[in-house]
Amino acid sequence: MTFLSDEFPIFWRKARGSNVWDVDGNRFVDLTAGFAVAGAGHRNPRVVTALRQQIAQLLHGMGDVHPPEIKVRLLERLSEISPFPDTRVILANTGAEAIEAALKTARLRTGKPGVIAFTGAYHGLTYGALAATDRELFRVPFEDQLNPHVVRAPYPHPFRPPSGIAGSDDIGAASLAAVRRLLDGPGGESIGCAIIEPVQGRGGDVVPPDGFLSGLAELCRARGVVLVFDEIYCGLGRTGRLFACEHEGVVPDLLCIGKALSGALPIAACLGPADVMDSWPESTGEAKHTSTFLGNPLACAAAIASLSEIERHALAARAGQEGVRFFERLQALTDRHACIGEVRGRGLMVGLDLVRNPGTRKPDPELAGRLVTGALRRGWLLLAGGPDGNVISLSPPLTISRALLDSSVRMLDDLLLEAVASPSPAAD
Ligand SMILES: Cc1ncc(COP(=O)(O)O)c(C=O)c1O
């Protein structure tokens with residue numbers, strides 16, 4: 001299942017801040033933050049201290065029966081940062097599991113099975129989440145077992161608008177019109193949930209046009225549809241605000257977070273206001289939604305410490321400021337390299353959309369692959385993202401130094417110059 005090649009993988013031995021060392025002692029700068037997890041830096045010292053203290057106390061509890069005290073402390077902390085006035089939280093062990101909790105909550109709240117999900121979406125690979133995820137690679141073998149009540153709306157991707165809204169002058173409005181058609185069309189009355197990433201991560205660092213998310217929220221509110229924002233990738237400071245939805249001042253009905261929540265250990269959460277979350281029936285002896293490791297004490301300790309670090313170092317604001325500078329420098333590369341179709345993103349969540357031909361915008365995954373392996377040889381960890389694998393996706397730790405960000409731009413410039421000097425046989 002795992003991708004292997006002569007160049008891949010390196011085996012990690014240790015990490016600190018923005019650096020990772022492999023088993024051979026080579027040091028790499030991690031421009032991925034380990035899948036956008038190490039927001040407060042790899043092995044953040046305060047997270048490590050919190051874990052040490054927790055190890056000395058309790059490693060495992062009985063999450064929904066006799067919960068560890070630290071689980072309560074994390075829930076209180078999440079309530080403090082939550083955008084909702086009276087917050088309820090369902091903890092999860094992975095992002096996909098938090099999405100499952102959100103989908104179940106929406107079902108309970110509305111009694112309706114239908115879900116609107118968007119093109120290019122990535123919500124995880126468990127069955128409920130996979131049904132909302134839009135990537136053939138992951139779906140095809142399981143298509144006949146996926147929730148048939150999920151319908152797909154076009155995500156307003158400004159550079160690569162999906163069919164249905166391509167050619168429109170205002171793709172945000174066109175996408176909203178498509179959502180409205182789904183809600184008003186045949187079967188629309190059975191839709192009770194809409195799920196969306198406010199900024200798409202694995203879809204290729206896509207920021208929707210201003211006004212789109214608030215328009216979507218308005219539409220959902222008017223129809224009683226539960227709106228779920230999946231901020232598992234873009235949340236917790238990455239885009240320059242604690243939550244990406246703050247850029248537009250939109251508050252969803254449910255909000256999922258994960259990845260950078262603990263910065264290290266597997267934990268995620270679905271947050272919502274009491275009036276939505278209290279749709280869960282009161283337990284009569286058995287929890288209706290739980291798991292063995294629910295509220296694992298180590299993961300909770302890491303999450304509390306990691307959230308404090310994000311706050312203490314104002315990492316959201318830092319991501320915003322450094323992100324602007326980083327973006328400008330990357331943007332300057334477009335003048336020098338026609339193969340960069342677009343630089344896009346928000347904060348320290350930036351994508352370089354590589355094209356074979358600037359006119360046709362045909363994606364160039366082969367070039368992206370060469371950049372990833374070329375960077376690896378020079379000591380930089382990069383990932384290629386987007387549905388076509390042609391987007392160099394940059395999501396460094398929010399603590400990364402300005403000097404490293406600047407040299408990463410020089411590194412990309414060099415690699416792109418090299419690529420032009422030895423074009424791939426497939427290039428046209
Ligand atoms: C936006 C988004 N949602 C959900 C997930 C799934 O999270 P996990 O891999 O922890 O299950 C991811 C993972 O990349 C993600 O980017």
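This is a predicted model: local features need pLDDT of at least 70, side-chain atom pairs count only at pLDDT 80 or more; totals for chains, interfaces and linings use all residues.
Visitor: What lies 2.6 Å from a nitrogen atom of the ligand?
Guide: The residues around the ligand also include Glu197, Arg202, Asp230 and Lys259. The atom that lies 2.6 Å from the ligand nitrogen is a polar atom of a side chain, and that side chain belongs to Asp230.

Visitor: How much of the ligand's area does the protein bury?
Guide: If the ligand is taken alone, it exposes 390 Å². Of that area, the part buried by the protein is 82%.

Visitor: How do the residues of the shell around the ligand divide into nonpolar, polar and charged?
Guide: The shell contains, among others, Ala96, Gly124, Asp230, Ile232 and Tyr233. When its residues are sorted by kind, the division is four nonpolar, four polar and four charged.

Visitor: Which residue lies over the face of Tyr122, and how far is it from the ring centre?
Guide: Tyr122 is one of the residues around the ligand, and Arg202 is another. These two are also related to each other, for over the face of Tyr122 lies Arg202, and its distance from the ring centre is 4.4 Å.

Visitor: How is the aromatic pair of Tyr127 and Phe142 arranged?
Guide: In general, a pair of aromatic rings is described by the distance of the centres and the angle of the planes. The structure holds five aromatic pairs, and in the one formed by Tyr127 and Phe142 the centres are 6.1 Å apart, with 80° between the planes. Since planes over 60 degrees apart fall into one named class, this pair is edge-to-face.

Visitor: Where in the chain do Tyr127 and Phe142 lie, and how many residues apart are they?
Guide: Tyr127 is in helix H5, while Phe142 is in the loop between helix H6 and strand S6. Tyr127 is partly exposed at 39% relative accessible area, and Phe142 is likewise partly exposed at 36%. The pair links distant parts of the chain, and the separation is 15 residues.

Visitor: Which residues do ring pairs link into a cluster?
Guide: The structure has five aromatic pairs. Ring pairs can also join into a group, and the cluster linked in this way consists of Phe118, Tyr155 and Phe212.

Visitor: Which residue is joined to Phe8 by a cis peptide bond?
Guide: Most peptide bonds are trans. The bond in question has an omega of about -10° and is cis.

Visitor: Is Phe35, with its positive phi, buried or exposed?
Guide: Most residues other than glycine have a negative phi. Phe35 is not a glycine, yet its phi is about 65°, and it lies in helix H1. Because its relative accessible area of 56% is over the 50% cut-off, Phe35 is exposed.

Visitor: Is Asp205, which also has a positive phi, buried or exposed?
Guide: Asp205 has a phi of about 55° although it is not a glycine, and its place is the loop between strand S7 and helix H8. Because its relative accessibility is 0%, which is under 20%, Asp205 counts as buried.

Visitor: With which residue does the side chain of Asn19 make a polar contact?
Guide: Asn19 is found in strand S2, and at a relative accessible area of 17% it is buried. Its side chain meets another side chain in a polar contact of 3.0 Å, and the partner is Arg27.

Key:
Residues are numbered from 1 along each chain as its sequence is written. Side-chain values use heavy atoms; hydrogens and water are left out. A residue is near a molecule or strand if one of its heavy atoms lies within 4 Å of it. A polar contact is a pair of N or O atoms within 3.5 Å; within protein, one must be able to donate a hydrogen and the other to accept it, and residues adjacent in sequence count only if both atoms are side-chain atoms. Accessible areas come from the Shrake-Rupley method with a 1.4 Å probe; for residues, only the protein chains shown count as cover. Ala, Val, Leu, Ile, Met, Phe, Trp, Tyr, Cys and Pro count as nonpolar, Asp, Glu, Lys and Arg as charged, and the others, Gly among them, as polar. Rings of Phe, Tyr and Trp (its six-membered ring) pair if their centres lie within 6.5 Å; planes under 30 degrees apart count as stacked, over 60 as edge-to-face and the rest as tilted. Helices (H or I, at least four residues) and strands (E, at least two) are DSSP runs, numbered from the N terminus. Buried means under 20% relative accessible area, exposed over 50%, partly exposed in between (1.4 Å probe, protein chains only). A charge sits over a ring if NZ of Lys or CZ of Arg is within 6 Å of the ring centre and within 35 degrees of the ring normal.
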